[in-house]
Amino acid sequence: MASPRFFIMRHGETVYNAARRLQANHIHTPLTRLGVEQALAMGAALLGVLGDRPEVTLHVSETGRALQTMAMIADVLGLDWFAAQRTNHLKEIDMGAWCGRLYDDVEAEVGPIVIADHLLRPAPQGEDYPMIAARLTKWLAEVGDAPGDHVVVMHGISSRVLRGMMAGYPVHPDLGAPIAPSLVQGSIALVQDGRETVLFGSERGSEHA
């Protein structure tokens, strides 16, 4: 039996991304027109690999922007959006006291919050990278060794930690968790047997949670 394949994606661009505003996990931040196009393009790319109405398990972050992205991907694939397994384990890094604020306003007060390699600096009352890894470890334990294909829609920073864990990237010397390279919104990373391939899109995206 073939080993499981995980197709890991970022949600499409949102109105908060476009405005350079830090998003939270508890409010709905709708996709822009570009975000809709990105979601549909990811669906089309998966359709080319998996075919119509594939036998897959859908996993999605319990956030409006991820759920909206999954709805479009599921529609392209001919799948039931309601069958997706929704979980907060796949949510984005919690930016705590900075949630909802403009990047520029926060940086005027505390200095750069987008640090080297398109990563986000942990925020007061927010999460650090080991905390993200801990909840993603719980998600991986729940998924277990379930065979077949898994389509996962989540977020920029948290997907980098998940991909880092699953594909054996080194632990970041300052942030304390394995972190994979940054991918632009609208990209798909395929992880199988501990190896990662960028299936669609490209590296080094602008990293707005």
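Glu127 counts as buried, at 8% relative accessibility (buried means under 20% relative accessible area, exposed over 50%, partly exposed in between, with a 1.4 Å probe and protein chains only). This is a predicted model, in which local features need pLDDT of at least 70 and side-chain atom pairs count only at pLDDT 80 or more, while totals for chains, interfaces and linings use all residues. Residues are numbered from 1 along each chain as its sequence is written, and side-chain values use heavy atoms, with hydrogens and water left out.

Glu127 sits in the loop between strand E5 (119–120) and helix H5 (129–143); helices (H or I, at least four residues) and strands (E, at least two) are DSSP runs, numbered from the N terminus. Its side chain makes a polar contact with the side chain of Arg135 at 2.9 Å. Such a contact is a pair of N or O atoms within 3.5 Å; within protein, one must be able to donate a hydrogen and the other to accept it, and residues adjacent in sequence count only if both atoms are side-chain atoms. Leaving aside residues up to four places away in sequence, Glu127 also touches Lys91, Glu92 and Asp94, among others (contact means heavy atoms within 4.5 Å).

Another loop residue is Thr14, found between E1 and helix H1 (15–19). Thr14 is buried, with a relative accessible area of 0%, and its side chain reaches the backbone nitrogen of Tyr16 at 3.2 Å.

The expected span is 1.5 Å times one less than the number of residues.

| Helix | Residues | End-to-end C-alpha distance | Expected span |
|---|---|---|---|
| H2 | 18 residues | 25 Å | 26 Å |

In H2, the buried residues are Gly35, Gln38, Ala39, Met42, Gly43, Ala45, Leu46 and Leu50. They cover an arc of only 160° around the axis, which puts them on the same side of H2; the arc is that of the directions from the helix axis to the C-beta atoms. On the other side of H2, Arg33 and Gly48 are exposed. The cover over the buried residues of H2 includes E1, E2, H3, E6, strand E7 (188–192) and strand E8 (195–200).

For H3, 10 of the 14 residues are buried, so this helix is largely enclosed by the rest of the structure. Its buried residues pack against strand E1 (5–10), helix H2 (33–50), strand E2 (56–61), strand E3 (85–87) and strand E6 (149–154).
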